[in-house]
Amino acid sequence: MNLQTCLEKLKLIGTLDFANVAEDGSPQVRCISALHYEPDAVYFLTSRGKPFARELARDGRVQAVGRTRFNEMLRLSGIAIEVAGAEGVRIRDLIYVEQPYLANVYPGRTRDINVIFEIRDVSIEYFNLGVHPIFRETYRLDGETSAVRGYRITDACIGCGTCQGVCPQGVIEEGEAGEPFRIRAQNCLHCGACFEACPVDAIERLGE
């Protein structure tokens, strides 16, 4: 897997379930199919009068998730920023070409009520439950290193193997020459079974 392949899979999904936060702090979820992907950017369309647009203007944090028929899940996280002016019109018209059904929803000049958002600081997590062991990886459109999540076995490991015995995917390996056991991060479920089972608290939770 690489970033470009990940973006191609997002295009195939078609519709993403977007989560954001309302003004009162309550969670909101919406299905969005009016999307446009470029190698270094992700855009989507809504309308200015919708609560979604107003919520994003106040707090642009979004997450979106989609699933392929092969049990591959992709989660996109970032900050939604409005794209105004000629660039916004350009992206809007591209979305109408790529999603012809929109001409039925907003015929003719009524599409002027639309507003375009670009998702900035984008990270995309690919999570494949259709293989064994499972496979996961996180990519960023800006090329920066993604935050590490999951679990890590520290130097406090005594080599008892308890963690290895409880891992659902069997992805914990013995260390070499007295080194601690090791979790294959790209195959880890992040379930926490090893963390709970370790008798000496030698496993730490990452990303907190």
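# Briefing: pocket, aromatic pairs and selected residues

Ala156 has a relative accessible area of 43%, so this residue counts as partly exposed. The model described here is predicted.

**Ala156**

- Ala156 belongs to the loop that runs between β9 and α5, the latter spanning 162–166.
- Apart from neighbours within four places in sequence, Ala156 is in contact with Val200 and Ala202.
- Between the C-alpha atoms of Ala156 and Gly88 there are 54 Å, and the two residues are 68 residues apart along the chain.

**Largest pocket**

- The volume of the largest pocket is about 520 Å³.
- Its lining is made up of 19 residues, of which Glu125, Thr138, Ser146, Ala147 and Arg149 are the closest to the centre of the pocket.
- Sorted by class, the lining of the largest pocket holds nine polar, seven charged and three nonpolar residues.
- At least two lining residues come from each of the strands β6 (72–83), β7 (114–128) and β8 (135–140).
- β8 gives the largest share of this lining, with four residues.

**Aromatic pairs and cluster**

- The model has six aromatic pairs.
- In one of them, Phe44 with Phe117, the ring centres are 5.6 Å apart and the planes meet at 20°; the angle is under 30 degrees, so the pair is stacked.
- Phe44 is part of strand β4 (residues 41–47) and Phe117 is part of strand β7, so this pair ties together parts that lie 73 residues apart in sequence.
- Phe44 and Phe117 are both buried.
- The pair of Tyr151 and Phe195 is tilted, with 5.5 Å from centre to centre and 45° between the planes.
- Tyr151 sits in strand β9 (residues 150–153) and Phe195 in helix α6 (residues 193–197), so the pair ties together parts that are 44 residues apart in sequence.
- Tyr151 has a relative accessibility of 12% and therefore counts as buried, whereas Phe195, at 29%, counts as partly exposed.
- One aromatic cluster is formed by Phe18, Phe44, Phe52 and Phe117.

**Charges over rings**

- Arg136 places its charged end over the ring of Phe127, at 4.2 Å from the ring centre.
- The charged end of Arg205 sits over the ring of Phe195, and here the distance to the ring centre is 4.4 Å.

**Ser123**

- Ser123 lies in strand β7.
- With a relative accessibility of 17%, which is under 20%, Ser123 counts as buried.
- Neighbours within four places in sequence aside, the contacts of Ser123 are Arg75, Leu76, Ser77, Thr138, Tyr139 and Arg140.
- One of these contacts, Thr138, is also listed among the residues closest to the centre of the largest pocket.

**Glu174**

- Glu174 is located in the loop that joins β10 (172–173) and β11 (182–183).
- The relative accessibility of Glu174 is 59%, so Glu174 counts as exposed.
- Once neighbours within four places in sequence are set aside, Glu174 is in contact with Gln164 and Phe181.
- Glu174 and Gln164 are ten residues apart along the chain, and their C-alpha atoms are separated by 8.4 Å.

Terms used:
Residues are numbered from 1 along each chain as its sequence is written. This is a predicted model: local features need pLDDT of at least 70, side-chain atom pairs count only at pLDDT 80 or more; totals for chains, interfaces and linings use all residues. Side-chain values use heavy atoms; hydrogens and water are left out. On a 1 Å grid over the protein atoms alone, a cavity is a set of points where a 1.4 Å probe fits but cannot get out, and a pocket is an open set with protein on both sides within 12 Å along at least five of seven lines; lining residues have an atom within 4 Å of a point. Grid points are joined across faces, edges and corners, and a volume is the space filled by probe spheres set on the points. Ala, Val, Leu, Ile, Met, Phe, Trp, Tyr, Cys and Pro count as nonpolar, Asp, Glu, Lys and Arg as charged, and the others, Gly among them, as polar. Rings of Phe, Tyr and Trp (its six-membered ring) pair if their centres lie within 6.5 Å; planes under 30 degrees apart count as stacked, over 60 as edge-to-face and the rest as tilted. Buried means under 20% relative accessible area, exposed over 50%, partly exposed in between (1.4 Å probe, protein chains only). A charge sits over a ring if NZ of Lys or CZ of Arg is within 6 Å of the ring centre and within 35 degrees of the ring normal. Contact means heavy atoms within 4.5 Å.
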